[in-house]
Amino acid sequence: MSADTERAVPDRDPGRFGRLSGTLGRRAVTALIGATIVFLITPVALTLAASLAGDWTGVLPQGFVTLDNWLHILGLQESVGAQRALGSATIQLPGGYSVTILGASLVFSLGVALCGVLINLVVGVPIAYAVTRYDFYGVGWLNTAAVLPLVPGVILGIAFLRTYPGLPSAAALVIGYSLLKIPYMILAVQSSFESMDLRQLEESARSLGASWPRTFLTVIVPNAKRGILSGAIVCWTLAAAEFNFSYMVYSRGPRPFSIFLYNNITNSSILQTAAAVSLYFLIVAGVTVALQATGQRGFSIGGVR
Amino acid sequence: MSTLDDRELVDQVRAGGERLLVPETERGRERRRIVALVTPFLLLAVVGAFVPLVYLVRMSLSESAAAIQGLQFESYRTLALSVVAYLPVLGSGLSADPVYGEVIWNSLWFGAATTVVSVAVGVAIAHGLENYDLPYEGLLVTLISFPISLPGIVVAFMIMVWFARTGVLTNLFATVAGVDPVALALTGQPPGTALAVAGLFLGYCYSMIPRATFLLRGSYAQVNTDAEEAARALGATPWQTFRYVTLPQIRPGVVGALILSFRTALAIFGTVLVLKALSVVTFRFDQELATGFNLPIASALAVVFFAFTVLFTFAGLRYTSAEVAG
């Protein structure tokens, strides 16, 4: 603070608390931010380190560097608890051929989540446009209902299972994932739409002779591609690791990735669990880099619910 | 109702349908567009959520756990009696099992406590990120948002890395103080003990602080910084500026963050399933199904939970000053 502003300050005692907040407030808030980041990120770093360690009985993991935990988790090494590894699946193709997929749980979950994302694109982009562009009866309620995940995954899971008992696990997971993750898609696309002058864009295109469907598909949607892309990436990652719904719905067939994580967290040794969880961290790290390219900082979509 | 009325009604519906599908005015065409844009979402919501939830209500009234059969209100009666039995004075004379009352109370107080702490920390972080020139701000934002991507079970593992028997802090304190790490661990303790609940508390905060922070950053972006600077220039201390200038501006955002964080806290399941520290509603729901497959009671619990969440969220967002940025 310069001498000028110092003189402008009225001669009044702000009290002990006021003086304290003046001197310590900023430091306290900065320290809190630092402490929070340490609290959030240290276990992530330790987990990544431990996945390469041979032993973790003391304070810090030791015995670097070994790939045993990773080989075990990826199912490339025969050892105790191999049923909790990612596993491989052999698919019989017509004509006597067969294909073996390594990391079956991960591939399965990524595939199912991708289907969920496709549904989210078809469902999320139009409704995001409707609530941003048009004013109609009940738009506020619809908006609230669309961006709030009102049903927790556990409850939705059991309700789903009993309502559609004949449905294969994979199909149930696709619908469940798309429903549970759609708020992220809508919020991401909405924030893109909000930064555009939709009315002007639409009217220009219409006045140049484009029909409304053509305007929507070839003018509006391409303009929002950043939001659509970041929404799709976030939805895909979150759906691939969705646990609560998967835990209730999964019965047989290929095991979802989150169930693989759960089996390891509850049963495996800490080092093997560290490798399993690290596998997910690496995916998230890759996704974060991809998100950066779309102009999105991490998973911070408009205050994620 | 006479057949004449019937025919009129059918005609009206048909005319309305025709107006919607083959509109003649611009307003009609706009209405058709809105319907076309909203229909996919409504379809997903009806198939994915509405029908299963109606079925859930029906299951809670079924006499059999295996199939939809008959009609009974026994499960709701059990829940209601249990809640009353759990009440301190009123329930003392009742012989009903207070377990569900306890579970609901656990969900409420634990959710409220973690919400208040998470939102308070979130306000401070959002304040710092917005007002201070912190180095590597982009990196900080990315790091704080990282836990949003983690499912509850992984959050539980993060807490175990810190505080389990083999955890870093547990071992650090045990070495420094020379005590057995088992006495210090926050996870793996018997459910309901202070240590176990403290561990779960930190787990909830781990998932909720990042979410609260990003809800609040939306409100902070809209704060009028001119007013803050004026207050500072007129001699207000930083605390006074925050209390009388900033806080009134972000209050709707804070209320919104409280409501949504509380909703998040109530719905947390994976973290509790792994840490098994406190019996909350979602956990009990799973236990009812895992041991004895008590579907009517589990469904009734879920229906009560869902009804409460919806009423609380919508009422909160509509009838308070709450504002949901984003």
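Predicted model: local features only at pLDDT ≥ 70, side-chain atom pairs only at ≥ 80, totals over all residues.
User: How many residues of α6(B) are buried?

Analyst: A residue is called buried if 20 or more other C-beta atoms lie within 10 Å of its own. By that count, 12 of the 12 residues of α6(B) are buried, and the helix is mostly covered. Among them are G152(B), F157(B), W162(B) and F163(B).

User: Which helices do the buried residues of α6(B) pack against?

Analyst: They pack against helices from both chains: α2, α12 and α13 of chain A, and α7 (168-177), α8 (194-220) and α11 of chain B.

User: Which residues of helix α12 of chain A are buried, and what do they pack against?

Analyst: Helix α12(A) covers residues 257-267, and its buried residues are F257(A), S258(A), F260(A), L261(A), Y262(A), N264(A) and I265(A). Within chain A, the buried residues of α12(A) pack against α4 (104-133), α10 (225-240), α11 (244-249) and α13 (270-293). In chain B, their partners are α6 (152-163) and α11.

User: How many residues of each chain are in contact with the other?

Analyst: The contact involves 81 residues of chain B and 82 residues of chain A. On the chain B side, helix α2 (residues 26-60) gives the most, with 17 residues. By class, that side has 55 nonpolar, 21 polar and five charged residues.

User: Which residues other than glycine have a positive phi, and are they buried or exposed?

Analyst: One of them is Y136(B), with phi near 55°. Y136(B) lies in the loop between α4 (99-131) and α5 (137-145) of chain B, and it counts as exposed because it has 9 C-beta neighbours inside 10 Å. Another is K276(B), with a phi of about 45°. K276(B) is found in the loop between α11 (270-275) and α12 (281-290) of chain B. With 18 other C-beta atoms within 10 Å, K276(B) is partly exposed.

User: Where is the cis peptide bond that involves V65(A)?

Analyst: The cis bond joins F64(A) and V65(A), with omega about -15°. V65(A) is in the loop between α2 (15-50) and α3 (68-73) of chain A.

Note on methods
Residues numbered from 1 in each chain as written. Chains lettered and ligands numbered in written order. Contact = placed C-beta atoms within 7 Å. Helix = DSSP H or I, 4+ residues; strand = E, 2+ residues; numbered from the N terminus. Nonpolar A, V, L, I, M, F, W, Y, C, P; charged D, E, K, R; others polar.
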